[in-house]
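Subject: Structure handover

Hello,

The structure is pasted below for your use. My notes on it follow directly after.

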Amino acid sequence: MTRALATNDNSMIPANRYAAISPEPNVLTDIYREEINLSVWQCTLTQTLNSEVTNLLSNTSELQLSIAATPEQTIGELHAASALLVDKPALTEHLAMLVDMFCTLFELKRAGLRLTILNKAMCPKFHVDHIPCRLVSTLGGVASQWLPHDTVDRSKLGAGSKGKKDHESGIYTSESDIQQLNAGDVALLKGSGWLGNEDGALVHRSPAPVSGETRLLLTLDFID
Ligand SMILES: [Fe+2]
């Protein structure tokens, strides 16, 4: 059941949703608040980590890693999954920290970790995820875009767009409504599978990378 607010004319409108954004990592716990559908830790990546990511992106265009990551063993699991990560201590330690935070926050034994190099937009149209919650972090390149809840016309999601592109479908009114995350940001995106959030899922999309540029994208999901 989606919580709704009664208005004076007795019609029901879905409760509003907001983003919680902070340079403090504990902002991620705000995702448990009913009115929050996006929490973002504005994490500044170290210079060493940035150079490892730059090095990875300039030496390979093919990386599609998908593993079940266990908090205590993430670094070993990453090394076993790709030789490209063996000489990237800052990156693998950062990923292990995020797996640990995600599993602690949601009381999980393991997380579904995907680490991907993208040279085109994976989900180019605004959409919602039909899952409870996903951690998304762009470690290099252009980061994800999202729309504040009160700017979205949800009737234009999916088939409601009638095949039109986002700038033609009416899903948002003004280009200035489009918000953009930054590389390094650690974002928790609440989906429609979160109890009570069926009509409040965060609307987001992958940006189109500039031609010739690539992105390194991390996602963490619930797997069991
Ligand atoms: Fe998505």
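Leu135 of strand β7 (residues 133-140) stands opposite Leu188 in β10 and opposite Leu220 in β12. Strands here are DSSP E runs of at least two residues and helices are H or I runs of at least four, both numbered from the N terminus. The pairing of β7 with strand β10 (residues 186-190) is antiparallel, with 4 bridges; with strand β12 (residues 215-222) β7 pairs in the antiparallel sense over 5 bridges. Two strands pair if DSSP finds at least two bridges between them. Of the 8 residues of β7, 7 are buried (under 20% relative accessible area; exposed is over 50%, partly exposed in between; 1.4 Å probe, protein chains only).

This is a predicted model, in which local features need pLDDT of at least 70 and side-chain atom pairs count only at pLDDT 80 or more, while totals for chains, interfaces and linings use all residues. Residues are numbered from 1 along each chain as its sequence is written, and side-chain values use heavy atoms, with hydrogens and water left out.

β5 pairs with strand β6 (residues 111-118) in the antiparallel sense over 6 bridges. Within β6, Gly112 stands opposite Ala68.

The iron ion has as protein donors His127 (NE2), Asp129 (OD) and His204 (NE2), at 2.2 to 2.3 Å. Donors are N, O and S atoms within 2.8 Å of the metal (3.2 Å for Na, K and Ca); water is not among the atoms, so sites may look incomplete. Along the chain the donors follow the spacing H-x1-D-x74-H. Both His127 and Asp129 are buried.

Helix α1 (residues 47-59) and α3 have axes that come within 7 Å and cross at roughly 105°. Axes are lines fitted to C-alpha atoms, for helices over the stretch in contact, and angles run from 0 to 180 degrees between N-to-C directions. The two helices are therefore roughly perpendicular (65 to 115 degrees; under 35 is roughly parallel, over 145 roughly antiparallel, the rest oblique). Thr48, Leu49, Glu52, Val53 and Leu56 of α1 make the contact with Pro89, Ala90, Leu91 and His94 of α3; contact means heavy atoms within 4.5 Å.

Ala96 is also in helix α3 (residues 89-106). Ala96 is buried, at 13% relative accessible area, and touches Thr74 and Ile75, not counting residues up to four places away in sequence.

Regards
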